[in-house]
Amino acid sequence: MAEVSYRESHKYEGKGAEYEQYYRTGAWQRFLWSREQEIILKILEKYFAGKDVHLLDFACGTGRIAALLEDRVKTSTAVDVSVSMLAIARQKLERTEIVEADITAGNILKPRTFNFITAFRFFLNAEPELRRAAIGALVELLDEEGYLVFNNHQSLGSPWTKLLDVRHRQKNPEGIFNVMSIEEMKELAWGAGLEILEVFPVGFFHPPKIPVSYRLNRAIDNLASRLKCLNRFSESPIAVCRRRKNHRVDSSPDKEMTDGVDR
Ligand SMILES: C[S@@+](CC[C@H](N)C(=O)[O-])C[C@H]1O[C@@H](n2cnc3c(N)ncnc32)[C@H](O)[C@@H]1O
C-alpha cells in the first residue's frame, strides 16, 4: 500500500485546534517555544539588522512563527496546504498574506522572492521526496542574499532521542519514528545548493517520562548552549542557511562546510 504523503497529515477537520492546544499545554512544547522565540529574534537581529525583511513562513500551520515576526518585518507571507491549520492562522495573523497552496506542486509564489524564509517542524516529518521538493521550491523563492532558517525537532544528536529511537526500533520495527541528524540537515541544505552557516541548539534535557520543570529546563539550556562542544546534543536545533557561493558539484557538505558550523 502506498504511504500517505506528509502533505495530507494536517488536513483533517479539527487538526488546527488540536495543534494549537498541544502547543499551549505541553510543558516541553511551551519550553521549546520560549527558546525558539529567543533564537528567531536573535537571528533577525544578527542577519537582518538595518535591512527590509520580506518573510515567507513555509508550512506555517497555525501561524506560530509568522505571528512572532509579522510586526517586525516589512512584508509577511505564510503558506500551507491545510485549510484546518490556516483557519487558526487567519484568526491570529493581522499583517500576513496567507496563501493556501502546495508550492511543491507548481510554485505559485514565483517569481516573488523573500530574504527570510522559515520552515519549522516540517522537514523532520516530511518524507524524503517531499523534503527535497520543498527545499528546492524554497530555494527558488530565496533572494540571492537571503537566509533560510529551518529546524529539526527530533535530532538524533540528542541522547534522549537516540534512546527513544533504539527502544522504538526494538518494540515496533515496522512503525515510524522520525529522527534526523545534524549531518542529514547539512546534506539536505547542501543538496539544494545551500550551506548551513550556523546551528543554534534548543532543548537539552528531555528524559522520557520524567517531568522536568520549565525553570530547570531553561537553566540547563542557558548553560549548555554556552558550551559549544555540547551543541550537537540538543533535541531541536535551528539552522541558518544561505546560498552556497562558488559551490562545486562534486563536493560534499563535510569537505566544504564553513568554519564553526555547529556554533
Ligand atoms: C507540524 S506543522 C508545523 C506548523 C508550523 N510551522 C509550526 O512550527 O508550528 C507542519 C505543517 O506542514 C504543512 N505542510 C505539509 N506539507 C506541505 C506542503 N507541501 N506545502 C505546504 N505546507 C505543507 C502541514 O499542513 C502542517 O501545517
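This is a predicted model: local features need pLDDT of at least 70, side-chain atom pairs count only at pLDDT 80 or more; totals for chains, interfaces and linings use all residues.

Biologist: Which residues come nearest to the ligand?

Modeller: His-10, Ala-59, Gly-61, Ser-82 and Phe-120 come nearest, out of 20 residues around the ligand. A residue is near a molecule or strand if its C-beta atom, placed from the backbone, lies within 6 Å of it.

Biologist: Which elements give two or more residues to that shell?

Modeller: Those are α3 (64-69) and β2 (75-80). Helices (H or I, at least four residues) and strands (E, at least two) are DSSP runs, numbered from the N terminus.

Biologist: How do the shell residues divide into nonpolar, polar and charged?

Modeller: There are 11 nonpolar, 4 polar and 5 charged. Ala, Val, Leu, Ile, Met, Phe, Trp, Tyr, Cys and Pro count as nonpolar; Asp, Glu, Lys and Arg are charged; the others, Gly among them, are polar.

Biologist: Back to Ala-59. Where is it found?

Modeller: Ala-59 sits in the loop between β1 (54-58) and α3. Its phi is positive, about 55°, although Ala-59 is not a glycine.

Biologist: Is Ala-59 buried or exposed?

Modeller: Ala-59 is buried, because 26 other C-beta atoms lie within 10 Å. The cut-offs: buried means 20 or more other C-beta atoms within 10 Å of a residue's own, exposed means 12 or fewer, and partly exposed is in between, with C-beta atoms placed from the backbone.

Biologist: Which other residue has a positive phi?

Modeller: Lys-209, with phi near 65°, and it is not a glycine either. Lys-209 is in the loop between β6 (194-200) and α8 (214-224). Lys-209 is exposed, because it has 4 other C-beta atoms within 10 Å.

Biologist: And which residues does a cis peptide bond join?

Modeller: Lys-110 and Pro-111, with omega about 5°. Pro-111 belongs to the loop between β3 (96-100) and β4 (114-119).

Biologist: New topic. Which residues touch the most other members of the largest nonpolar core?

Modeller: Phe-58, Ile-117, Ala-119, Leu-138, Leu-148, Ala-189 and Ala-239, in a core of 56 residues. A nonpolar core is a set of buried Ala, Val, Leu, Ile, Met, Phe, Trp, Tyr and Cys residues joined through C-beta atoms within 7 Å.

Biologist: Pick Ala-119. What does it touch?

Modeller: Ala-119 touches Phe-58, Ala-59, Leu-138, Leu-148 and Phe-150, leaving out residues up to four places away in sequence. Two residues are in contact if their C-beta atoms, placed from the backbone, lie within 7 Å.

Biologist: Now the helices. At what angle do α1 and α4 pack?

Modeller: About 60°, with the axes of α1 (residues 15-25) and α4 (residues 83-92) 7 Å apart. That angle is why α1 is oblique to α4. Under 35 degrees counts as roughly parallel, over 145 as roughly antiparallel, 65 to 115 as roughly perpendicular, and the rest as oblique. Axes are lines fitted to C-alpha atoms, for helices over the stretch in contact, and angles run from 0 to 180 degrees between N-to-C directions.

Biologist: Which residues meet there?

Modeller: Lys-15, Gly-16, Ala-17, Tyr-19 and Glu-20 in α1 meet Ser-84, Met-85, Ala-87 and Ile-88 in α4. By class, that contact has 5 nonpolar, 2 polar and 2 charged residues.

Biologist: Last one. Where is Leu-32, and how far is it from Val-202?

Modeller: Leu-32 lies in helix α2. Leu-32 and Val-202 are 170 residues apart in sequence, but 6.9 Å apart in space, C-alpha to C-alpha. Besides Val-202, Leu-32 touches Gly-203 and Ser-236, leaving aside neighbours within four places in sequence.

Notes
Residues are numbered from 1 along each chain as its sequence is written.
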